[in-house]
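Please look through the sequence and the model shown here before reading on.

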Amino acid sequence: MNLELINKDINDINVDIKIEFLTQDELSLHVESDLLNKTGFKSEQDSTCFLHEKETLFCGVDSKKADDIRSACVSVVKALKASNYESAKLNIPKNESLTGLVEGLVLGAYEFNEYKSKPKEVSLKNIVLCSDNYDEAKNIFDEALIVANATCFTRDIVNTAPQELNPQTLAHLAEKLARDNNLECNILQEDALEKENMGSMLAVGRASVHGSALIHLSYKPANPKKIISLIGKGLTYDSGGLSLKPAASMVTMKMDKAGACAVLGMIKAVSELKLDIEVHAFVGAVENMIGGNAYKPDDVLVSRSGTTIEVRNTDAEGRLVLADVLTYAQDTVKADRIFDFATLTGACMVALGQYTTGLMGHSHKLKHDLSKAATASGELMGSLPFNKHLKKLLKSEIADISNVASKPYGGAITAGMFLDNFIQEENKNKWMHFDIAGSAYTETPWDCNVYGGTGAGVRLISHYLKNL
Ligand code: BES
Ligand code: ZN
Ligand code: ZN
């Protein structure tokens with residue numbers, strides 16, 4: 001589906017159907033209010049009504065604010081895709097809601113059909129947008145489209161099946177992104193990871209037939225205002241390892257690479273937005289499998305930082321990978337911000353629900369700024385607080401630290417506090433950890449998310465970096 005902004009009056013555009021958003025107040029004043037009333041249309045948020053003879057599709061909204069328009073656009077695009085209309089037009093209610101509008105249309109229309117032999121045919125080809133203030137709208141539109149497309153890019157990788165997407169193919173995909181977007185790319189294969197003393201990360205991938213890889217992409221504009229490191233958990237499959245997941249919990253674990261996919265989407269967006277910020281994306285691409293050479297509960301790993309880790313559960317593997325990738329990232333780049341994204345714990349969903357990203361770290365200022373960015377970008381995020389009592393639960397009798405806490409409560413926080421052990425002293429207030437276990441993937445549609453990967457984090461960080 002093509003989306004374009006045209007510098008013309010809406011009445012001069014010749015398409016199949018027009019879209020109108022109506023609040024309840026506007027409904028009673030509308031010229032078609034009698035007809036709409038007969039259909040039972042009450043202009044409730046997200047409800048739609050075709051008046052085919054008037055060549056108009058109406059959609060109810062509570063307000064013309066971005067969140068309501070985004071959500072309404074999802075209903076609109078679903079209704080259009082179920083019809084035989086090929087082209088539609090709409091007037092942008094106001095430029096403040098334009099980003100939401102673009103996101104609703106693009107992300108709500110998203111489908112992943114790679115594995116369907118006969119994808120459903122859709123007539124809808126083109127949606128044309130008009131604005132009363134084209135010059136201002138143009139820039140907002142272009143930027144919103146870049147971010148929405150980067151979100152779809154992230155979704156595509158998350159949705160790709162694990163027999164196709166393994167650490168090596170993820171590395172190839174990153175190389176292609178680097179070529180397409182003019183990024184620097186450095187890939188460390190297992191022999192290099194060995195030399196770099198990444199014993200914690202290497203242990204997790206040892207039983208996989210696919211070699212682990214650390215992917216480092218950089219976007220380096222001239223005279224950058226800030227330097228940002230983004231780190232992603234890239235478990236292309238998480239079987240749980242020898243602490244094997246129960247069958248039902250293993251389904252969807254192709255999504256354990258969503259943090260990696262998100263940081264690739266973020267660097268894609270930033271480079272296309274041409275922001276004057278240097279961005280580094282570090283991905284730990286690993287597959288957590290079983291086998292005779294698998295790492296095991298009771299193993300003691302030596303991480304890159306030298307900290308030794310007692311393995312008590314091989315399913316708490318993401319933190320083992322991130323421990324080394326975080327250390328590598330800090331050793332390689334002196335960044336102003338260090339953000340990691342990971343589908344790290346089921347406990348985060350218990351704490352916040354499956355729609356909300358968990359935010360952890362030491363800096364109240366960063367938490368505040370990022371929470372504001374989340375609200376503005378339409379993503380849900382909640383802060384989970386560290387405390388010294390939970391920290392004690394990670395003590396090990398045999399090594400420096402255990403990879404799981406001795407008590408189950410606060411599992412998202414103890415996982416975040418495990419990572420904190422690998423944040424160097426001078427970086428404590430630069431680091432934030434985003435647990436996207438719930439928000440990165442869905443099996444039931446919500447907001448502008450359809451079945452599968454949601455692209456959580458991409459809109460949020462693009463917005464944050466744009467306004468830095
Ligand atoms: N990848 C999982 C976390 C996860 C669970 C993400 C469900 C998305 C949906 C992670 O590696 C894991 O298995 N964590 C364990 C940690 C536990 C063993 C301390 C968990 O959450 O149960
Ligand atoms: Zn796991
Ligand atoms: Zn995992």
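The structure holds 0 disulfides, where a disulfide is defined as a pair of cysteine sulfur atoms within 2.5 Å. Cys-59 is in no disulfide, and the nearest cysteine sulfur to it, that of Cys-73, is 7.5 Å away. Cys-59 is buried, with a relative accessible area of 0%, and here buried means under 20% relative accessible area, exposed means over 50%, and partly exposed is in between, as found with a 1.4 Å probe on protein chains only. Cys-73 likewise takes part in no disulfide, its nearest cysteine sulfur being that of Cys-59 at 7.5 Å, and Cys-73 is also buried, with a relative accessible area of 0%.

Some notes on the model itself belong here. This is a predicted model, in which local features need pLDDT of at least 70 and side-chain atom pairs count only at pLDDT 80 or more, while totals for chains, interfaces and linings use all residues. Residues are numbered from 1 along each chain as its sequence is written, chains are lettered from A and ligands numbered from 1 in the order in which they are written, and side-chain values use heavy atoms, with hydrogens and water left out.

**Overall form**

The chain has 16 helices and 19 strands, which are DSSP runs numbered from the N terminus, a helix being H or I with at least four residues and a strand being E with at least two. For 468 residues, a compact globule would have a radius of gyration near 23 Å, and the chain agrees with this because its own value is 23 Å; the radius is taken over C-alpha atoms, and the globule rule is 2.2 Å times the number of residues to the power 0.38. Along its principal axes the C-alpha trace spans about 75 × 50 × 45 Å, and buried residues make up 59% of the 468 residues in the chain.

**Aromatic rings and charges**

A search of the whole structure finds 10 aromatic pairs. Rings of Phe, Tyr and Trp (its six-membered ring) pair if their centres lie within 6.5 Å, and planes under 30 degrees apart count as stacked, over 60 as edge-to-face and the rest as tilted. Two of these pairs are set out below.

| Pair | Arrangement | Centre to centre | Between the planes |
|---|---|---|---|
| Phe-339 and Phe-434 | edge-to-face | 5.6 Å | 70° |
| Phe-386 and Trp-431 | stacked | 6.2 Å | 25° |

Phe-386 lies in the loop between strand S15 (381-383) and helix H14 (388-392) and Trp-431 in strand S17, so their pair ties together parts that are 45 residues apart in sequence. Phe-386 counts as buried because its relative accessibility is 17%, and Trp-431 counts as buried at 0%. Ring pairs also link Phe-339, Phe-341, Phe-434 and Tyr-464 into a cluster.

A charge sits over a ring if NZ of Lys or CZ of Arg is within 6 Å of the ring centre and within 35 degrees of the ring normal. The charged end of Arg-155 sits over the ring of Tyr-110, 5.2 Å from its centre, and Lys-268 lies over the face of Phe-153, at 5.2 Å from the ring centre.

**Backbone**

Asp-46, a residue other than glycine, has a positive phi near 75°, and its place is in the loop between helix H2 (33-39) and strand S3 (48-51). Asp-46 counts as partly exposed because its relative accessibility is 29%. Asn-182, which is not a glycine either, has a positive phi of about 60° and lies in the loop between helix H6 (167-181) and strand S7 (184-188). Asn-182 is exposed, with a relative accessible area of 73%.

**Metal site**

Which residues coordinate the zinc ion (ligand 3)? They are Lys-233 (NZ), Asp-238 (OD), Asp-256 (OD) and Glu-317 (OE), at 1.9 to 2.5 Å, where donors are N, O and S atoms within 2.8 Å of the metal (3.2 Å for Na, K and Ca), and sites may look incomplete because water is not among the atoms. Asp-238 bridges the zinc ion (ligand 3) and the zinc ion (ligand 2), which lie 3.2 Å apart. Both Asp-238 and Glu-317 are buried.
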